Structures are given as structure tokens and as C-alpha cells.
Amino acid sequence: MQLFRASIAHFPKQTTQFDNDIAIFKDGGLLLDSKEIKDIGSFNDIAERYPTANVTDLTGKWILPGLIDSHLHYPQTQSIAHYGEQLLSWLENYTFPTEMQFADSEHANTIAKVFLNQLLKNGTTTGFVFTTVHKSSSEALFSAASEIDMAIVAGKVCMDRNCPSALNDCPAAAQADSAALIETWHNKGRNRYALTPRFAPTSTEAQLAALGELATQYPDVFIQTHLSENLDEIAWVKSLFSNADGYLDVYDTYNLVRERAVFGHGIHLTPNEWARLGESGATVAFCPTSNLFLGSGLFDMTAARANKVHVAMATDVGAGTTFNMFKTYGDAYKVSQLRNEPISPLEGFYLMTQGAAVAHALDHEIGNLNPGSTADFIVVEPRFDELTQLRIKEDADFDDVFFALSILGDDRAIDQTWISGACRYRKEHN
Ligand code: GUN
Ligand code: ZN
């Protein structure tokens, strides 16, 4: 068995709301038994209990659970960082043309690998991923993730209106392709499937109904889509679904608002929608870099807390501007400062680890370093350059390390990324 010595931080408890109850071992030990975490505690305790374990000394570094990115688009890896648009014209001008290229499965295979490499070098070990409308683009991602035993949640985008004809699938094809992908990939290895209507404007009622049928048939699959990101989008939804009682109600009508449903953004929600999200057990993915980049608005964390809505942090690449979850929290903090309600570093860390895992009902496997969880973890090197060596003291507390890295850090702070007990990324040291 392998025993790592480092500073260690994680949220061990199954809390549905953030409560500060973090476990920190400044001189900690993390014991692996093959793909699983076997034990965690102070180094001396663990070393005494397992005297024959192979010790790897990482003193000066921090071991944290692998990070969870609860909403992003792998095809948009190649269209990140385009100037000057808000949501609807950005989709028309950059996103749809990019996603058309995924009709070519070789292209999909290539980008899936680049995408996973970006996750690994940024310490993300689980992503909730939109693919494209092409079934083969989901197969490309699930295959690439399976090669490294990575826990990916993903689904084929469904759109049957208001998109280029090359990206248009009819309700029957969307249902048949999604069902086939569920049968092949859901709960196969560490893969999980998410029904993925892009957003209400690109689906007819017939398509949402077809996906709602699958949601009923497969109660443990995930659902992912977008919700109330942009004011023009919301006005459009109102005109397309004149019978619905608001944007969330469109999804609710088709049984798409429930536990394991993950709604990207939720920037402009009404009090009733907040209350309904809280009662349903659904999750809102907070995507601050994207919300700032597209000028969508400022997420209302206070309303989320007041309504006990599950919140999980996400990059939303390629509208999001980084794959790095620490930096994503850095922007969440700036958003919360503009609202005069700063989100603490520990809450930020919770929203990308155990908070996300509990929201998604995956905390038996990911999000923490509890014995029995899968050995998905990262090794962080806080003092990776001249500036961080100046700013971050060697004995700094975890919240200060995490906060400073959310502002000053990037992938240079990620020294190693471990998935299922195997090191899948190791930073090159000059
Ligand atoms: N709404 C519908 N599709 C998308 C997308 O690809 N990105 C973002 N940010 N919002 C969307
Ligand atoms: Zn998105």
C-alpha cells in the first residue's frame, strides 16, 4: 500500500449545505489501497497503523480531493476566447460552427484527448460535459475517459430547432441516440450519462417530452441544460413557450427538474424558481468566468443559500475563460464582492469538491478523501514561483493557500493529478 505524507484538506461529511466543517491535517497521511482510499489522518497515526506501507514524502505540498467541474463543453475547447459577443450571437457565430466539425469522429477523438489533458493539468478529475449533437462525439469522450478510468458525466446535445440544419436532430433521433448511449455507457466503468437538451430555445416541446420520457425510464441518469443565463434568452423562451409559467417551468413540464438535474447559470431567476429549485433537489452550476465573459450577470449565491439550492462550481468552457477551478473560484469571489456578499475560500473549495459531489449524489465515490472513496486526488504546490513564495508562507493555513492560489495560481500550482489510484498528470519541473 502507498502512503503519502503531505498537508491534507477535505470536507468529509455528507452536508447538503456548506458548514465550514473541513478536516485539515497539516502533517497528514493518505493511504491508498490500489484504486481506493484506505485511510486518512495525521501522518504519525497512519504510519503507525501501517508500518509496511510505501511512504512518498510530499511535505510542503497539499493533497486535496480531485476537483469537480459541474458544467462545461468539450467541443468548445477549440473556440474558447472569442471577442465581443453576448450569449445568442456568440452561439451563432462561434459555437455552432465549431460544433459542426464534430460530425468527423476523428476530429472528436482528437479534441476529446486535448480536453481531458486540460482537465488533468488543472486538477479536475470529474467533469459534467456537453458533447455535440453527434452521437459519436459522446462516444469519443467516454472512450477517452475510460482509458484512464476517469469519472465523466456526459451527454449528447439535443437540438431540433433554432440551430443550423447540420446540428438538428428530430425528437425521435434524439431519444433513440440518447437511449442507446445510456445503454452502452451509463454506469459502465466510471462513465455516467446526462440527458442533454442544449436549452429550451433549441428544443421543441416534442423533443423535451421525448427526453422527459427517458428521464422517467432511467431515474438515476443525470440531466444537464442551461437556464436563465441571459435576458434576451429569457425573453425568447417566453415567446416560444407562451403557455409556460416561466423558464424553469418549461423543463418542469417535461419532468426534467429533479435530483441529478444540473442547470447551468441561473442568473436571472424569480423567487418562485429559486424555491422550486430548492424543493426539487436539482443543482445550479455557478459559472462565474462565463457569466462575466458573456456579460450575462452576477450569480445570486445568497438566494441559492436561502432556498437551500444545491450549487456546484463550474467553468463552462468555452464561454468560460479557464479550465482551472481555483481561478474559477477567484472570479466567483469577485462576483460575490460586487454583490457585497463575499464567498469564503472554504465555501469555494466545498463547491468544487464535496458540495458538488453531494449535490450530484456521487459523494460515495468522489469529492472527498474518505476511506472507501476512489483515489481521485491532486497534489498542489502552493509556492510554485517567486511571487507565490513571497506571498504564501510555508506554514500558511489552508484557506489562505487556497485563496491566494485562486487569485495568483493556474496550472503551475497543480503538481500531480491522480485518478483511480494512478498518477495521470505530473508537472514538469525545470
Ligand atoms: N446556452 C445554450 N448553449 C450554450 C452554450 O454552449 N454555452 C453557454 N454558456 N450557454 C449556452
Ligand atoms: Zn454551458
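Analyst: Before angles are quoted, a definition: axes are lines fitted to C-alpha atoms, for helices over the stretch in contact, and angles run from 0 to 180 degrees between N-to-C directions. Helices (H or I, at least four residues) and strands (E, at least two) are DSSP runs, numbered from the N terminus. The model is predicted: local features need pLDDT of at least 70, side-chain atom pairs count only at pLDDT 80 or more, and totals for chains, interfaces and linings use all residues. Residues are numbered from 1 along each chain as its sequence is written, and chains are lettered from A and ligands numbered from 1 in the order in which they are written.

User: Which residues of helix 5 and helix 6 make the contact?

Analyst: Helix 5 gives Pro 171, Ala 174, Gln 175, Ser 178 and Ala 179, while helix 6 gives Ala 206, Gln 207, Ala 210, Leu 211, Glu 213 and Leu 214. Contact here means that C-beta atoms, placed from the backbone, lie within 7 Å. By class there are 7 nonpolar, 3 polar and 1 charged residues. Nonpolar means Ala, Val, Leu, Ile, Met, Phe, Trp, Tyr, Cys and Pro; charged means Asp, Glu, Lys and Arg; the others, Gly among them, are polar.

User: What makes helix 12 roughly perpendicular to helix 16?

Analyst: The axes of helix 12 and helix 16 come within 7 Å and cross at roughly 90°. This value is inside the perpendicular range, so helix 12 is roughly perpendicular to helix 16. Among the contact residues are Phe 326, Tyr 329 and Tyr 333 of helix 12 and Leu 405 and Ile 407 of helix 16.

User: Which element gives the most to the side of domain 1 that touches domain 2?

Analyst: First, the division: domain 1 is 2-65 + 369-426 and domain 2 is 67-359, with bounds from an automatic or database domain assignment. The C-alpha centres of the two domains lie 28 Å apart. In the contact, 28 residues of domain 1 meet 29 residues of domain 2. Helix 16 gives the most on the domain 1 side, with 6 residues.

User: How do you know that the protein is as compact as a globular protein of that length?

Analyst: The protein has 16 helices and 16 strands. Its radius of gyration is 21 Å, close to the 22 Å that the globule rule gives for 430 residues, so the description holds. The radius is taken over C-alpha atoms, and the rule is 2.2 Å times the number of residues to the power 0.38.

User: Where is Gly 318 found, and what joins Val 317 and Gly 318?

Analyst: Gly 318 is in the loop between strand 13 (310-313) and helix 12 (325-338). A cis peptide bond joins Val 317 and Gly 318, with omega about 10°. Most peptide bonds are trans.

Conventions: Two residues are in contact if their C-beta atoms, placed from the backbone, lie within 7 Å. Angles under 35 degrees count as roughly parallel, over 145 as roughly antiparallel, 65 to 115 as roughly perpendicular and the rest as oblique.
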